[in-house]
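Keep the sequence and the structure side by side.

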Amino acid sequence: MNSIVFEHVDKTYDKKVFVIKDLNLAIKKGERIIFLGPSGCGKSTTLRMIAGLETISAGNLFMGDKLVNNIPSGEREVAMVFQNYALFPHMSVEDNISYGLKIQKMPKDEIANRLKEALRILELEGLEKRKPRELSGGQRQRVALARAVVKRSDYFLLDEPLSNLDAQLRAHARKQLVKIHETFHQTLVYVTHDQVEAMTVGNRIALMNKGDIQMIDTPKKVYNRPVNVFTAKFIGSPPMNIINIEYADGQIIIGEHRITPPEMWKRLMYKNGKDRFIMGIRPEHVKLIINKEDDAVPCSIRYIEDYGNDIGMYFSMAGEEMIAVCDSNAPINNQEVYFHPDYKNIHLFDADTENSIGYPQEID
Ligand code: ADP
Ligand code: MG
């Protein structure tokens, strides 16, 4: 069942600057969907349209099967958490959390129940009487989440809620968010530019660029089956290596070197009807070998970074700068090594459209 549906939605400023153009998107009831993309791509604008904090310029927006184009924010059953979670400085933790419910004149014992549950889930027990200035950044952030949780709204909207936290606190807060969702099953819409948050929190990721959705699918699909070069480069760290190649007479040409791909890839490239492609290969999938083999392309290592567990090897191949991430025990100390594509883990894109030409095998 869908719970939020955008139909041909535009958002323009001054009737000419398109921030969002012809957005079509169906968000399922109870799912955790992530709007991911670079700064300025329109993530917050899209979220704010759902919240009713921005009007839509054209098209229709439905929430729970109801057209909400002109429904004010207060009537939309939404709870929001922003990056700048302004708490009331003069109020205690418990007053900050329950303030909204008191305004609604909710019965006292119901407020007490909801408060107790939120304090427990967000690990704020014992801090009820403190003022925001007596809390750490992570605790303040959890109070902001608790304040949204007690509303028990159908829609839980979060805009970069963890950006102000350090890496360790962020990891902890991600787990808490998933726990909140598994308790209340709201439709959760989460804006972030952090791909790790997107991969770990999302049931589905909507990857945006310049007001357009590039791909919307599960984290696994977005990582393993990117539909275009933008998606391929945005997800993954260090980013996917991207190499320009040609295809002729059943062979892939990299610089001056020719290698023969398996039949299934040949068929896809032939079907595409072009002779120029972009090959993508993730740093963790690059295999470098020491001995020259058929179908291997010579490379030279430029620089090595030690990450502890892994090493990052910067190398050049046919004039392209690339990176491989491999086990720190990898027996590579030579300057001359060879690249041997692991065809299970390559990606091919049309050089003109930058769209994927498909894969010999699909995944679930
Ligand atoms: P994101 O959250 O992905 O970083 P936003 O949704 O905040 O991006 O903004 C998308 C684009 O809309 C940006 O280019 C921004 O400059 C533009 N924008 C936002 N608000 C306004 C406004 N009031 N007038 C004109 N342009 C705006
Ligand atoms: Mg934003």
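Helices here are DSSP runs of H or I with at least four residues, numbered from the N terminus. The model itself is predicted.

Start at ligand 1. Helix α1, residues 43–51, gives the largest share of the shell around this ligand, with three residues. The residues around ligand 1 include Y13, V19 and P38, as well as the run S39, G40, C41, G42, K43, S44 and T45. Sorted by class, this shell holds four nonpolar, five polar and one charged residues.

Now look at the oxygen atoms of the ligand. The side chain of T45 places an N or O atom 2.5 Å from one oxygen atom of ligand 1. A polar backbone atom of K43 is 2.9 Å from an oxygen atom of the ligand. For G42, a backbone N or O atom lies 3.0 Å from a ligand oxygen atom. On its own, ligand 1 has 570 Å² of accessible area, and the protein covers 55% of this.

Next, the pockets. The largest has about 280 Å³ of space. Its lining counts 14 residues, and A79, M80, F82, R147 and K151 lie nearest its centre. Strand β6 (78–81) gives the most to this lining, four residues. Helix α4 (137–149) supplies at least two. By class, the lining has 10 nonpolar, two polar and two charged residues.

The second largest pocket holds about 210 Å³ of space. Three of the lining residues are nonpolar, eight polar and four charged.

Methods
Residues are numbered from 1 along each chain as its sequence is written. Chains are lettered from A and ligands numbered from 1 in the order in which they are written. This is a predicted model: local features need pLDDT of at least 70, side-chain atom pairs count only at pLDDT 80 or more; totals for chains, interfaces and linings use all residues. Side-chain values use heavy atoms; hydrogens and water are left out. A residue is near a molecule or strand if one of its heavy atoms lies within 4 Å of it. A polar contact is a pair of N or O atoms within 3.5 Å; within protein, one must be able to donate a hydrogen and the other to accept it, and residues adjacent in sequence count only if both atoms are side-chain atoms. Accessible areas come from the Shrake-Rupley method with a 1.4 Å probe; for residues, only the protein chains shown count as cover. Ala, Val, Leu, Ile, Met, Phe, Trp, Tyr, Cys and Pro count as nonpolar, Asp, Glu, Lys and Arg as charged, and the others, Gly among them, as polar. On a 1 Å grid over the protein atoms alone, a cavity is a set of points where a 1.4 Å probe fits but cannot get out, and a pocket is an open set with protein on both sides within 12 Å along at least five of seven lines; lining residues have an atom within 4 Å of a point. Grid points are joined across faces, edges and corners, and a volume is the space filled by probe spheres set on the points.
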